Amino acid sequence: MSAVLTADDIRRALKRMAHEILERNKGADDVVLMGIRTRGVPLAERLAAHLEQIEGAKIPTGSLDVTLYRDDYARTGPLPLGQTVFPDEIDGKVVVLVDDVLYTGRTIRAAMDATMDYGRPKAIQLAVLVDRGHRELPIRADYVGKNLPTAAGQDVRVRLESVDGHDEVLLEHAAEVTP
Amino acid sequence: MTALTFAGARVVDPAANVDAVANVTIDGDTVTAVGDQREGTVVDADGLVLAPGLVDLHVHLREPGREDAETVATGTAAAAAGGFTAVCPMANTDPVTDHAGVVEQVLRLARDAGHCDVYPVGAITRGLKGEELAEMGAMAALGVRCFSDDGMPVRSAQVMRRALEYVRTWDAIICNHAEESALTGGAQMNEGQLATLLGLAGWPREAEDVMVARDLVLAGGLGARLHVPHVSTAGAVELIRQAKQRGVRVTAEAAPHHFTLTEDNATTYDPVYKVNPPLRGKEDIEAIRAGLADGTIDAIATDHAPHPPEQKEQEWMHAPPGMLGLETSLALTLTELVDGGVLTLSQAIAALSTNPARSRDISGHGGPIQPGAPANLVLFDPQQQWTVDARGLQSRSRNTPYAGMQLRGKVVHTLLRGRFTCRDGQVAA
Amino acid sequence: MIDHLLSIEDLTADHITEVLDTAEALKDIALRPIKKVPTLRGRTVCNLFFEDSTRTRISFEIAAKRLSADVINFSAKGSSVSKGEGLKDTALTLQAMGVDAIVVRHSASGAPQQLTQWVDAKVLNAGDGWHQHPTQALLDLFTIREKLGRLDGLRAAVVGDVFHSRVARSLVQGLTTMGAEVTIVGPPTLLPPRVDTWGAAVSYDIDEVVPKTDVLYMLRVQRERMSQQFFPSSREYARLWGIDRDRLGRLPEGAIVMHPGPMNRGVEISADVADAANSVITDQVTNGIAVRMSCLYLMLGGEEVAA
């Protein structure tokens, strides 16, 4: 596997995405960040830190476990559940879902359903560190750290400081892919 | 009829103290010779055991009243398949066998079916209620010599004592279902650790022992004849042993399920294992086997209790107690007791045939097999393995706890007064 | 997870922990505006109650519906072979209808186990005779863990008619599996034969046990037991084995009082204790839904949706 994003790359990407969120939403007044478990959560926290640094205001941040909304329950069987914490009321707010990798889009579909069950946001936007293509549903990200063309079977691994001890995004070599 | 000789069988005849290979000739309804003669048609019986036809002191033929479970015809057919030539059907029919009319009916039904002899047991009290004596004299006139409210205990010591006294007129026997029902209200299985865990109300051993003790004391005091049915506890065995030593005129029986199965079977909650008195523990099984070996328990009696499948496929709590027994008794005795070194083959035959006949004064059955005796015989293959098929039994019902088990010992022929009631393992029409 | 939830005996400490952890994650669904998640959409859960129990049935119904399962209520009260459809026929009917799970309550011990031989559905025991009530024990364990932070090493006393109680059997087994120290308290007549083999201490003296107890679990004592001579009068029972203000005061700091409900105020528990701050009885009811959701979630996974 080779590194396609270094720690510095990640830091710069997140900073840029924070600016984009502010630009698009004309400030941070109604923004709520929801990190999708597991690695979306520290990413959301970092984005919140950047936003706070730029705008001076504290952005409500929460975590979302989509296990109960997955569409493959029948196949996988019961998976362990994580906590879902919405920091505030989300009615009328802009909920920015944050995840590490956007792939088929099914996780985001589940995350949107979970969010809608929780309240009625003004809008839902999506921020991802890596978009690796191969969508199976009509879902697109609003804020992308890096667009990474991949083959379907290739493995993309995201490592984050708080979870894995260091920052890095790795891509399996095309030749390493087992058919 | 021409003479028929069974040649080369091992003749086991405890009444005549015989256990040896010999030829047995029958002609018409009688045994004519035992020795090395080869008269008439010779049937090769090499490898088989020839014994007096088995006698079961305790069966429920259900007719009249519960013909959906069994009839006298199907029950006696099951008996013939099991090697029996005489059975004693209990009185808890509907109507109850507490008057001569039902006795007559049962005798006639058995005669018409022709599979084996029946010696009906009459009720002790009217309707089995334990209050008023039944007309035992009228039943005695038809040959009844044993009375029992089996299924129900005679709760009142006074009634029990009167009954023991009254039947001395005919030197008859009182057989009391030993269950102190004040201690067994709602009981479902043997009381103990397992019943507690399974959430089933317990049937304490004390409930049986207390009543066996009572009956032995009452019988002893009167010099009356007592028979103890379906002994299931170690305590009862010991009480009977001591009573016999004191000279009390008591005989006792035990059922195969009480010397082979423990209460652990109840963990399946399959009501096929529900029986009254219940299956108990290892110590009880050991005590009953020892009792059979030393003669404390005289007879093996099946307590054959058929119930239709829908009754036994209910919740344990709602299912009636009882197991089939006629078609598996001999094999279980051979497999578990003879092979197990508890009884010799001769002792086993004594328990299955000779002793039951003797204890009930049933003449013509139980041996001895000698010239002039009625030809009531069983020939079985002691080596043949077979699997118990609940649906393939002669009985109308299927509630045997041994379904699917492999047993050793199969009846080949049963003869009732010289006529085959079971031939080559098939019940004769 | 296991195939059928028939008895607490079938669950290891790991199983129990999994159920409790999952229940914790599911509990907050009750606090959301939309109290539903789509997880068991398309599955059918049948409440097969041969014995009346509005409370337990509703608890299971809410639990199933919050997971978006469809619920059918089959009231088979008084059903028996003599009156029509018996246990086996009812089971075969449900099997033919293709339900995914059957929650069964029955007055006959062992009936849920017997049911499993006739159906492919997962069977959950909602209480059978005197035998087991596993979800009650699980919600009790959840409540204890929630209030006191742990189960291992806790001192629990189970007081009352243990003989006739399926709740007691399940709870004592659950507590001992999770490492709690259990004492069973009551008059000898209300303690079952061989209770000494349950892995718990036994005492006839509640006053000796109360000061050393973190969880005081009071069982219901039915008045009918009096006429069956298990104890002479409710007054004497209450005096010797009931919990009142006095005894409550002698519990150690932080101890909790629990009851499976419904309570016989004035017999095993005095009215003022029932309403006292340290009783967690209403929490037990709330947690019942989360725990039952947890059981349904864990048991109905991994199967194709019934056609």
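**Note on the predicted model**

1. The buried residues of helix 6 of chain C are Arg166(C), Val167(C), Ala168(C), Arg169(C), Ser170(C), Leu171(C), Val172(C), Gln173(C), Gly174(C), Leu175(C) and Thr177(C). A residue is called buried if 20 or more other C-beta atoms lie within 10 Å of its own, exposed if 12 or fewer do, and partly exposed in between, with C-beta atoms placed from the backbone. Helices (H or I, at least four residues) and strands (E, at least two) are DSSP runs, numbered from the N terminus. This is a predicted model, in which local features need pLDDT of at least 70 and side-chain atom pairs count only at pLDDT 80 or more, while totals for chains, interfaces and linings use all residues. Residues are numbered from 1 along each chain as its sequence is written, and chains are lettered from A and ligands numbered from 1 in the order in which they are written.

2. Helix 2 of chain C (residues 54-66) has 13 residues and reaches 18 Å between its first and last C-alpha, close to the expected 18 Å. Its buried residues are Thr56(C), Arg57(C), Ser59(C), Phe60(C), Ala63(C), Ala64(C) and Arg66(C). They pack against strand 1 (44-49), strand 2 (70-75), strand 3 (101-106), strand 4 and helix 12 (281-299) of chain C. Ser68(C), which follows helix 2 of chain C, has a positive phi, near 70 degrees.

3. Chain C as a whole has 12 helices and nine strands. Its C-alpha trace spans about 60 × 45 × 35 Å along its principal axes. For 307 residues, a compact globule would have a radius of gyration near 19 Å, and chain C agrees, with 19 Å; the radius is taken over C-alpha atoms, and the globule rule is 2.2 Å times the number of residues to the power 0.38. Buried residues make up 50% of the 307 residues in chain C. Of the contacts in chain C with a separation of 6 or more, 74% are between residues 24 or more positions apart; two residues are in contact if their C-beta atoms, placed from the backbone, lie within 7 Å.

4. Which residues of helix 2 of chain B are buried? They are Val102(B), Val103(B), Val106(B) and Ala110(B). Seen down the axis of helix 2 of chain B, these buried residues fall within an arc of 105 degrees, so they line one face of the helix; the arc is that of the directions from the helix axis to the C-beta atoms. An α-helix has 3.6 residues a turn, so residues three or four places apart point the same way. On the other side of helix 2 of chain B, Arg108(B), Arg111(B) and Asp112(B) are exposed. The buried residues pack against helix 1 (72-81), strand 7 (84-89), strand 8 (117-118) and helix 3 (136-140) of chain B.

5. Chain B is assigned domain 1 (4-50 + 372-427) and domain 2 (53-359), with bounds from an automatic or database domain assignment. In chain B, 30 residues of domain 1 are in contact with 44 residues of domain 2. On the side of domain 1 of chain B that touches domain 2 of chain B, strand 17 of chain B gives the largest share, seven residues.

6. Chains B and C share the most contacts of the two pairs of chains in contact. Here 17 residues of chain B are in contact with 22 residues of chain C. Helix 5 of chain B gives the most to the side of chain B that touches chain C, with three residues. No contact joins chain A and chain B, and their closest C-alpha atoms lie 29 Å apart.

How values were computed:
Expected span 1.5 Å × (residues − 1).
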